[in-house]
Amino acid sequence: MNIIDTLIEILPQVWYLLPLCILLLFFKVYIDKKEKEFKKEKRRKDQREFHLKNEENGKEFERLTGKKFEELGYKVIYHGLEKGKFDQGIDLICYINNKIYLVQCKNYSKEKSITHEHIKIFHSNAIKYIKTHNLDEKNIELKYVIPNENVLDMSAKKVLMNNFYNCEYLIVN
């Protein structure tokens with residue numbers, strides 16, 4: 001007797017289980033789909049919360065940096081906090097006597113996460129800002145503020161040492 005014959009012989013005795021098995025199969029597919037959707041939505045929520053937390057940490061770092069400049073006697077405009085995404089890459093504008101500092105704050109924590117490209121973008125944005133607002137370049141310095149030196153990769157350090165960019169980094173923590 002082969003397997004087919006055995007199945008045919010058993011079928012009349014277990015036929016009532018077939019709809020139950022099909023129902024269980026559909027239920028499993030449904031549960032798997034819902035679990036996948038739940039995990040996807042949780043990832044989205046976690047990413048939104050992470051982004052909001054990073055954004056808030058960035059804003060807090062800008063406030064801290066601004067307060068440090070104020071303690072040194074500078075008048076500070078919190079450009080990034082006031083303009084949000086429309087800050088043109090300038091977070092703080094600090095004045096003292098005839099000197100103006102255009103400041104970019106980056107509260108990065110990952111080592112070597114700031115590259116030469118970040119510095120060049122800031123420089124380009126600062127030049128645009130200077131030209132748009134008819135400022136005298138001779139009285140302006142660019143400051144790139146970071147929490148520690150380890151966030152700069154070697155290419156960023158080389159660009160910051162190049163006098164062409166008129167940009168120095170400051171550590172604020």
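1. Helices (H or I, at least four residues) and strands (E, at least two) are DSSP runs, numbered from the N terminus. The chain has five helices and five strands, and from the N terminus on its elements follow the order α-α-β-α-β-β-α-β-α-β. The radius of gyration is 30 Å, well over the 16 Å that the globule rule gives for 173 residues, so the chain is more spread out than a compact globule. That radius is taken over C-alpha atoms, and the rule is 2.2 Å times the number of residues to the power 0.38.

2. This is a predicted model, in which local features need pLDDT of at least 70 and side-chain atom pairs count only at pLDDT 80 or more, while totals for chains, interfaces and linings use all residues. Residues are numbered from 1 along each chain as its sequence is written, and side-chain values use heavy atoms, with hydrogens and water left out.

3. Along the principal axes, the C-alpha atoms of the chain fill a box of roughly 100 × 30 × 30 Å. The accessible surface (Shrake-Rupley method, 1.4 Å probe) comes to about 12600 Å², and carbon and sulfur atoms account for 58% of that surface. Of the 173 residues, 29% are buried, meaning under 20% relative accessible area (1.4 Å probe, protein chains only).

4. Contact means heavy atoms within 4.5 Å. Of the contacts in the chain between residues at least 6 apart in sequence, 58% join residues at least 24 apart.

5. A nonpolar core is a set of buried Ala, Val, Leu, Ile, Met, Phe, Trp, Tyr and Cys residues joined through side-chain atoms within 4.5 Å. The largest such core has 22 residues, and those with the most contacts inside it are I90, L102, I114, I119, L142, Y144 and C167. Two or more residues each are given to this core by β3 (99–105), α4, β4 (140–146) and α5 (154–161). The largest share, six residues, comes from α4.

6. Leaving out residues up to four places away in sequence, L102 touches a set of residues including I90, F122, A126, Y129, I140 and L142.

7. Is H123 buried or exposed? Its relative accessibility is 12%, so H123 counts as buried. H123 is found in helix α4 (residues 116–132). Beyond its neighbours within four places in sequence, H123 is in contact with L142, F164 and Y165.

Notes: Buried < 20%, exposed > 50% of the residue type's maximum accessible area, 1.4 Å probe, protein only.
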